[in-house]
Structure formats: structure tokens, C-alpha cells
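User: I have a chain to study. Please take me through it in questions and answers.

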Amino acid sequence: TRAGNRTATEIFTALALVRVIEGMLPFVSPQSYRRMVAEISQLGDNQIRNIGLVVMLIGVVILFFVRG
């Protein structure tokens, strides 16, 4: 259906944008990226989970305002 195709297109568009954004820091500043990854590797599992939760919540809030 047309709605299904549109939904799939939006999902793949969002995933592509995530990849573009994720690639920006290592492309622009590989040293900063390497340092950040080293620091993250020193964090405990719960700290990383909390960071992930906060990032997801920020994303949900942004989506709420953008998509209404």
C-alpha cells in the first residue's frame, strides 16, 4: 500500500540520517572520536545504558516537537 511504502521510506530515511550524523565526528575529527571512544570504553554498563536512555529520550522529545 501507499501508506506502507511511505512509512518504509521514512524509516529508511531516518536510519540513513543517523548514519550520516554518526559519521560526522570521525570524519571531521578522528582524534576526538578516538579519545571519546576510549573514554566510553572505561564506563560501566549502567553508565552507558543511562547515556543511551538519555539520548533516546532527547530524540523522542525532538520528534514530539517536530512531528507534533
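Analyst: Start with the second largest pocket: α1 gives the largest share of its lining, six residues. Keep in mind that this is a predicted model.

User: Which elements give two or more residues to the lining of the second largest pocket?

Analyst: The lining consists of Ala14, Leu17, Val18, Ile21, Glu22, Leu25, Tyr33, Met36 and Ile40. Helix α1 covers residues 2–28 and helix α2 covers residues 30–41. The elements that reach two or more residues are α1 and α2.

User: What is the volume of the second largest pocket?

Analyst: Its lining draws its largest share from α1. The volume is about 290 Å³.

User: What is the volume of the largest pocket?

Analyst: This pocket is lined by 13 residues. By class, they are 10 nonpolar, one polar and two charged. The volume is about 450 Å³.

User: Which element supplies the largest share of the lining of the largest pocket?

Analyst: Val18, Gly59, Val60, Ile62 and Leu63 lie nearest the centre of this pocket. Two elements, α1 and α3 (45–67), each supply at least two lining residues. The largest share is nine residues, and they come from α3.

User: Is phenylalanine 64 buried or exposed, and what about phenylalanine 65, buried or exposed?

Analyst: The cut-off for exposed is over 50% relative accessible area. Phenylalanine 64 has 56% relative accessibility, so it counts as exposed. Phenylalanine 65 has 65%, so phenylalanine 65 also counts as exposed.

User: Which helix has the highest mean pLDDT?

Analyst: For the chain, the mean pLDDT is 93, and 99% of residues reach 70 or more. Among the elements, helix α1 has the lowest mean, 92. The highest mean, 96, belongs to helix α2.

Terms used: Residues are numbered from 1 along each chain as its sequence is written. This is a predicted model: local features need pLDDT of at least 70, side-chain atom pairs count only at pLDDT 80 or more; totals for chains, interfaces and linings use all residues. Side-chain values use heavy atoms; hydrogens and water are left out. pLDDT is the predictor's confidence in each residue, from 0 to 100. Helices (H or I, at least four residues) and strands (E, at least two) are DSSP runs, numbered from the N terminus. Buried means under 20% relative accessible area, exposed over 50%, partly exposed in between (1.4 Å probe, protein chains only). On a 1 Å grid over the protein atoms alone, a cavity is a set of points where a 1.4 Å probe fits but cannot get out, and a pocket is an open set with protein on both sides within 12 Å along at least five of seven lines; lining residues have an atom within 4 Å of a point. Grid points are joined across faces, edges and corners, and a volume is the space filled by probe spheres set on the points. Ala, Val, Leu, Ile, Met, Phe, Trp, Tyr, Cys and Pro count as nonpolar, Asp, Glu, Lys and Arg as charged, and the others, Gly among them, as polar.
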